[in-house]
Amino acid sequence: MEEIKCECGQVNPYGTEVCGACGKPLVNDDSTKLLNMRYEGAARRSQTYNRSIIDKVWGFFSSVKVGIGLIIVTLIASMIGTIFPQELFIPPGEDPSVHYVEEYGPLGQLYYSFGFHNLYGSWWYMLLIAALGTSIIIASIDRFFPLYRALKSQRVTRHPNFLRRQRIFGTSQVETVEETMENAKKELKKRRYKIREEDGNLLAEKNRWARWGPYVNHIGLIVFLIGASLRFVPGMYVHDNVWVREGETEVVPGTSGEFYVENLAFTMEIYDEDDPLFQDGMEASNAVMFESLFRTDAVLYRPEGILGLDQSLVEVDRHGIEVNDPFHFDDFSLYQVDYKLHELSEMTFDVEDRLTNEEVGSFAVDLNNPEDDYSLSNGETVRIHSYFPNYIINDEGIPSTENAVPDNPAFIFEMVNDDTGEDEHTFIGIQRNFDVTPNDEPNRYSYSLSGVDTNHVTGLTVRKDNTIPYLIIGGAIFMIGLAQGSYWSHRRIWLQAKNNEVWVAAHTNKNWQSLKKDISNVARYAKLSMPKDQTDLEDHDKS
Amino acid sequence: MAQLSMNLLTISFFFYLFATIFYAVALTGKKWRNRNREVTGNKWGNVGYIASIGGLLFSLGYFVTRWIEIGFAPVSNMFEYLTFFSITISLAFVLLYGMYRMNALGLFTMPVVMLMIGYASIFVTEYQPLQPALQSYWLEIHVLTTGLGQGILAVSFGAGLVQLLRMIDLKSKRMTKQTFGIEFVMYMIISLVAFILVTNSFNAFNYEATFSYVNEFDEQAEVQYKLPPIFGPNEGELLTPERMEPWIYMPVWVVSDDFNTVVWAFGTGLLLYVGIRLVTRRRIGALFQPLLKNVNPETMDEISYRAIAIGFPIFTLGGLVFAMIWAQVAWTRFWGWDPKEVWALITFLFYAAYLHFRLNRSWQGERSGWLAVIGFAIIMFNLIFVNLVIAGLHSYA
Ligand code: HEM
């Protein structure tokens, strides 16, 4: 495609609508309508080429209409995701395929069958975000370079048609052009405009850098989106949970055994109901209690030595983990997220000889770490035949355990009856205590629960997220660009001498009232008549 | 001190009320023109401005005294957040009025401020302690910034509404999309007013009606109504003597007391709305139009846009950037698709769309006005529904 040579000598790329140097309108040059000043009438790839597939894709993604469409669709999709709770918020262990129907009726069923219960992780939502990102990149490239070149090559002296077709335009008869220009210049300088002069004409320009705001913020968004997608790169991200009982040490999951954490003590505190300051407010609320503190006093260890041989744990650091005060180490952080108070930790049993009605000893079982057998004071031994930390009768009707958490412990103890020389068994649990014998003979030894000990358990979350630096950089760039484009506006005022007339034209990318205020001051100071806002005279052109 | 603090808030409410009246007087009185020969105001406008600054100072007095007494920024429950929101709206108004001096803006923004104080008053006003997740200086950084952003965005709604009332013909008998839209907005505002009045009246008499009912887990439970039960709970049985029997009992999947409240709000709102229309024989919007004859819609468009251009970055900083940083510290992840988070994102996307729409000149003017109104509707939806109905991590006690 051939380039366009303007009468002022400037060579403009194919597709240019307004000469980059003198501003002469190159298309519709006999029109009197206001010039479309977006991107200075520079040639944009998307507006110029429309042949190949690539041109079409480029044109599609660079269109602001398409961009807005993508934003709105994302917005509506995001709304839909909040109608019912997402899958990740429904109670753990519930089957989503029944939960949504039961909880929300037929609408819930529909919601589930569309897959909206996992909307934000769905392929089409991700695709939407990706399309948004693509659109931002292409639209920015399409506009930035032409705009940059046009603003760089602009000349002070502008073509009369350029001036006439600005939104703000006026002419004034003056006595001495030089003096008027001089006065205008002073006032413009005072208002911190940068002034360029050429052949007695003026270009006053201010805050051009604000024009780059949108491009800077779009770059920030892209960096942020790329950062967010790094989450899927292996090794960037770890998320796991661990329960640690008081006094115990657990390996920190996700660290490949590199770290261990010990829970020295878990503390929960609540606000005093009679606190004079908060008493009324707490009574007025329907919450049962107001927690004031959750804290785990944690110690971090690293194993040293060879696994299985002489490995020992060496303390690295310690920290009181609270909500809002996680424990940072290496790339990881441990957060206080959950707790369980008064979990059973130890049960003490007394053993009685039914023949003599005498107590023959007692023993304590650590519920999280039971021994195989316990010696009684009379020299006998109790063996643990079976241990069910969380006792249930399973589907086959056989005693079993739901998990390893001692919420409902039950045992089968085994002892040798010296009289018969045979093993005898007793089943004992919470509110359960009976002999397990093949015949109806009662056992010689009976057990009774004489004491329990409890323990607090802390729930910690382990996180590593190496994408965060990218997000911070992206977010910072975005905010800088946003402020740059929002809090400053690019203003230009052209003053041109024509015999004993002075022509004034002006353009800004936003906040026209403020620009008019500037001009009205210049006009007053330099004794010019106030230029007109030509949109008041002309219908809004649909561009 | 607690009493002093609340008194300061009440005083500020009256200042805002007087400011509204002064602005209305200013709009009916003699006009001043500035150098561009645009109508700006007269001395009543200045009196209104002084009253709004007075209101702002008194409500700041409430805020500071409360902060000093409880020891953390008073923005940790609905009452506190809404009063803070009212403060940021009036702050934003004082700034923008300073720039543009448009009395019509005051006539519409000051009542929004009062509406927020009124709405706040139906929640628990006593001091409540901070739960562990809120015990952080990020509470101040995040909530104060977000609230400021939302306050500035609320002013864009005021300006947008003025612009629409100025531009749309509400006298003609024919119903159009525009007249319907305006009247719908009016109806919503009236419903909020009705809701505040009804709730406060029944609260004043300590109205309570307790039901036993069968909840969604098939268990017997109790629920307390603060408004007369038109709609009872699932298999409900009234326990409080001398209370009206519900007309209908709702199925189990409806949160019946919330539903009852919603019906009360929109029902009494409808009565009020129809009442006003019957008495005045005009559209509600048309009642304001004589006051707005001299308003330049282009200036209102610019104020509305300007408020968004100023408020959007602040909202983004507080509601997304600071929010993410705090969520990373307190909740272990910067983003978790909690409903409140998603609605902050929706607000962000909406105003981003607004800014891109405006790149096209045909979207400036009336269409922008509608967008400013919708944007505020999203913010209010977030504040009312998402907080109280769609419970998530954020929902207040
Ligand atoms: C959520 C995502 C987006 C955000 C937050 C965003 C933000 C912004 C902001 C704040 C501006 C400045 C507006 C003004 O100053 O009036 C802007 C301008 C712009 N945006 Fe976006 N944008 C987003 C997505 C997009 C997309 C998808 C497109 C694709 C077409 C796009 C194209 C543009 C264009 C063409 C401009 C005008 C540039 C100029 O004035 O030189 N943006 N954007």
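Which residue of β19(A) stands opposite A:Asn417? The first legend answers this; the views are taken from a predicted model.

**View 1. Strand β18 of chain A, residues 410-417, with its two partner strands.** Seven of the eight residues of β18(A) are buried, so the strand is largely enclosed by the rest of the structure. On one pairing, β15(A), residues 381-388, runs antiparallel to β18(A) over five bridges. Within this pairing, A:Ser386 has A:Ile412 of β18(A) as its bridge partner. The other pairing joins β18(A) to β19(A), residues 422-429, through eight bridges, again in the antiparallel sense. Here A:Glu422 of β19(A) is the residue opposite A:Asn417. β18(A) and β19(A) make a hairpin, and four residues lie between the two strands. A:Gly421, in the turn, has a positive phi of about 75°.

**View 2. Strand β23 of chain A, residues 501-508, between its pairings with β3(A) and β22(A).** Of the eight residues in β23(A), seven are buried, so this strand is largely enclosed by the rest of the structure. β3(A), residues 168-173, is joined to β23(A) by six bridges, and the two run antiparallel. A:Gly170 has A:Val504 as its bridge partner in β23(A). The antiparallel pairing of β22(A), residues 491-498, with β23(A) comprises eight bridges. In that pairing, A:Ala506 of β23(A) lies opposite A:Ile493. β22(A) and β23(A) form a hairpin with two residues between them. The turn holds A:Asn499, which has a positive phi of about 55°.

**View 3. An open sheet of three strands in chain B.** The strand order is β2-β1-β4, and the pairing is antiparallel. β2(B), residues 220-225, and β4(B), residues 237-238, stand at the edges; each has a single partner strand, so one side of each is left without a neighbour in the sheet. β1(B), residues 209-214, pairs with β2(B) over six bridges in the antiparallel sense. B:Ala209 is placed opposite B:Tyr225 of β2(B).

**View 4. The salt bridge between B:Glu208 and B:Lys226.** The closest N and O atoms of this pair are 3.6 Å apart. B:Glu208 is in the loop between α6(B), residues 177-204, and β1(B), while B:Lys226 is in the loop between β2(B) and β3(B), residues 231-232, so the pair ties together parts that are 18 residues apart in sequence. B:Glu208 is partly exposed, with a relative accessible area of 30%. B:Lys226 is also partly exposed, at 42%.

**View 5. A network of salt bridges in chain A.** The linked residues are A:Glu187, A:Lys190, A:Arg191, A:Arg491 and A:Asp518. Between A:Glu187 and A:Arg191, the closest N and O atoms are 2.9 Å apart. A:Glu187 is buried, with 4% relative accessibility, whereas A:Arg191 is partly exposed at 25%. Over all chains, the whole structure has 31 salt bridges.

**View 6. The salt bridge between A:Glu315 and A:Arg318.** The closest N and O atoms of the two side chains are 2.9 Å apart. A:Glu315 is partly exposed, with a relative accessibility of 39%. A:Arg318 is partly exposed as well, at 46%.

View 7. Most residues other than glycine have a negative phi. A:Arg192 lies in the loop between α7(A), residues 177-190, and β4(A), residues 194-198. Its relative accessible area is 70%, so A:Arg192 counts as exposed. B:Trp337 is partly exposed, at 24% relative accessibility.

**View 8. A surface patch of negative charge with residues from chains A and B.** A:Asp272, A:Glu273, A:Asp274, A:Asp280 and A:Glu283 gather here with B:Glu126. B:Glu126 belongs to the loop between α4(B), residues 103-120, and α5(B), residues 137-167. With a relative accessibility of 32%, B:Glu126 counts as partly exposed.

Conventions:
Residues numbered from 1 in each chain as written. Chains lettered and ligands numbered in written order. Predicted model: local features only at pLDDT ≥ 70, side-chain atom pairs only at ≥ 80, totals over all residues. Heavy atoms only, no water. Patch = residues over 30% accessible without salt bridge, like charges linked within 9 Å, V, L, I, M, F, W, Y side chains within 5 Å. Areas by Shrake-Rupley, 256 points an atom, 1.4 Å probe, with all protein chains shown as cover. Salt bridge = Lys/Arg side-chain N within 4 Å of Asp/Glu carboxyl O. Lys, Arg positive; Asp, Glu negative; His and termini not counted. Charge placed at Lys NZ, Arg CZ, Asp CG, Glu CD. Buried < 20%, exposed > 50% of the residue type's maximum accessible area, 1.4 Å probe, protein only. Pairing = 2+ DSSP bridges.
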